[in-house]
Amino acid sequence: MSTAIAPLRILGIDPGLRVTGFGVIEQTGQQLTYITSGCIRSGTGSLPQRIKVLYAGMQEVIATFKPQCVAIEIVFVNVNPQSTLLLGQARGALIAASVAGDLEVAEYTALQVKQAVVGAGKAAKSQVQAMVRRLLRLPGEPSADAADALACAICHAHSGQGYGGVGVGLRRRGGRLR
């Protein structure tokens, strides 16, 4: 008697204040299937208005594609502390939209994502795009922001977190995986 593995829908997010990439994949066992990807553009308004656009855009993606979990890239510290703070606020809005949808959020560094997808933590964006295209059997390369989001979702699928696995280097804190 064999039991079928239920597909798991994973939403990957590449946070950005101007442009946030998103990508949705489905994992069935070891098989990954591309569902959709794109970008949420916040425009040029005030910071609160842009945060509102990101939050609403993420809620729309979640309502439309019904992911079961979220994988988001951890913000690195920029040379400019103000840029880091702004990006952190955008990331917070995206996490808030995810948890408002009752989704568990896993966080990954850019190094973890690149290692999972390309096999090298210092991989160039073009290498990530090419490997995402190959792993998901896409007809063309996704935009850089969408590719980074899809790579984040692939990283989550490969980590074993999607099916309650232990996940290398991650720990649970306050309902979030780190």
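This is a predicted model: local features need pLDDT of at least 70, side-chain atom pairs count only at pLDDT 80 or more; totals for chains, interfaces and linings use all residues.
Leaving aside its neighbours within four places in sequence, which residues is isoleucine 10 in contact with?

View 1. Residues are numbered from 1 along each chain as its sequence is written, and side-chain values use heavy atoms, with hydrogens and water left out. Beyond neighbours within four places in sequence, isoleucine 10 is in contact (heavy atoms within 4.5 Å) with Gly23, Val24, Ile25, Gln27, Pro67, Cys69, Ala153, His156 and Ala157.

**View 2. The largest nonpolar core.** Here you can find 21 residues, with Ile10, Ile25, Tyr108, Val132, Leu136 and Ile154 having the most contacts inside the core. A nonpolar core is a set of buried Ala, Val, Leu, Ile, Met, Phe, Trp, Tyr and Cys residues joined through side-chain atoms within 4.5 Å; buried means under 20% relative accessible area (1.4 Å probe, protein chains only). Among the elements giving two or more residues are strand S1 (8-14) and helix H5 (144-159), where strands (E, at least two residues) and helices (H or I, at least four) are DSSP runs numbered from the N terminus. H5 supplies the largest share, seven residues.

**View 3. Where H4 meets H5.** The axes of H4 and H5 (lines fitted to C-alpha atoms over the stretch in contact, with angles from 0 to 180 degrees between N-to-C directions) come within 9 Å and cross at roughly 60°. Val132 of H4 and Ile154 of H5 are among the residues making the contact.

Key: Buried means under 20% relative accessible area, exposed over 50%, partly exposed in between (1.4 Å probe, protein chains only).
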